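Dear colleague,

I am handing over the structure below, and my notes on what was found in it follow directly after.

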Amino acid sequence: MKGILVITALAICFCSCNQTPAGHHHMDRKALIARQDSLKDDLLKADIAFSQLSEDKGRNAAFMAYADSGATMLRKFNKPTTGTDAIAKLLNEFPDTAVKLSWLPISSDVALSGDLGYTYGTYTIESKTMDRFGGTYCTVWRRHKSSGWKFVLSTGNEGVKPAE
């Protein structure tokens, strides 16, 4: 009798270990990689559209359009600026009417979960009063079902000669 109870208990344990947790979507590895590659392309397109909006409507409008509600910007000589209200205040201290900011991503990557990713590349600032200058940037993104990719962290470094 004890043997039957032990066998039953072991069978229950083995069966419960094999079950997929509720709500978990099982995908095979190839499907996950294909999804990740597709999301990387989407993220690169979002970063390029972000840059295009900066060229067309101005840096400030672009950053506000693509900022996640809890976004943080890291800028030289400033403490981290977090939240869209604080970012708007920071950007408004530096009007963008005399400058044009554009950038080009070099690469992107996206977590297998599909909800976080990053891009990095080079940027160029053209000014009516200064020469062109450039640098590198890195942007961390969060994907929202309703609004697509929004940045959660934006930072950059000066010092790269801009492309002609």
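Ile106, Tyr118 and Tyr120 together make a nonpolar surface patch of about 300 Å² in this predicted model. Of these residues, Tyr118 belongs to strand E4, which spans residues 116–127, and Tyr118 is partly exposed, its relative accessible area being 34%.

Helix H3, which covers residues 59–66, has Arg59, Asn60, Ala62, Phe63 and Tyr66 as its buried residues. Viewed down the axis of H3, these buried residues fall within an arc of 165 degrees, so they line one face of the helix. The buried residues of H3 pack against helices H2 (29–57) and H4 (84–92), and also against strands E1 (67–74), E3 (99–110), E5 (133–144) and E6 (148–158).

One residue of H2 may also be worth a look in your viewer, namely Ser54, which lies in that helix. Ser54 is buried, with a relative accessible area of 2%, and, once its neighbours within four places in sequence are left aside, Ser54 is in contact with Arg59, Ala62, Leu101 and Trp103.

Key: Residues are numbered from 1 along each chain as its sequence is written. This is a predicted model: local features need pLDDT of at least 70, side-chain atom pairs count only at pLDDT 80 or more; totals for chains, interfaces and linings use all residues. Side-chain values use heavy atoms; hydrogens and water are left out. Buried means under 20% relative accessible area, exposed over 50%, partly exposed in between (1.4 Å probe, protein chains only). Helices (H or I, at least four residues) and strands (E, at least two) are DSSP runs, numbered from the N terminus. The arc is that of the directions from the helix axis to the C-beta atoms. Contact means heavy atoms within 4.5 Å. Patches are made of residues with over 30% relative accessible area and no salt bridge: like charges are joined within 9 Å, nonpolar side chains (Val, Leu, Ile, Met, Phe, Trp, Tyr) within 5 Å. Accessible areas come from the Shrake-Rupley method with a 1.4 Å probe; for residues, only the protein chains shown count as cover. A salt bridge is a side-chain nitrogen of Lys or Arg within 4 Å of a carboxyl oxygen of Asp or Glu.
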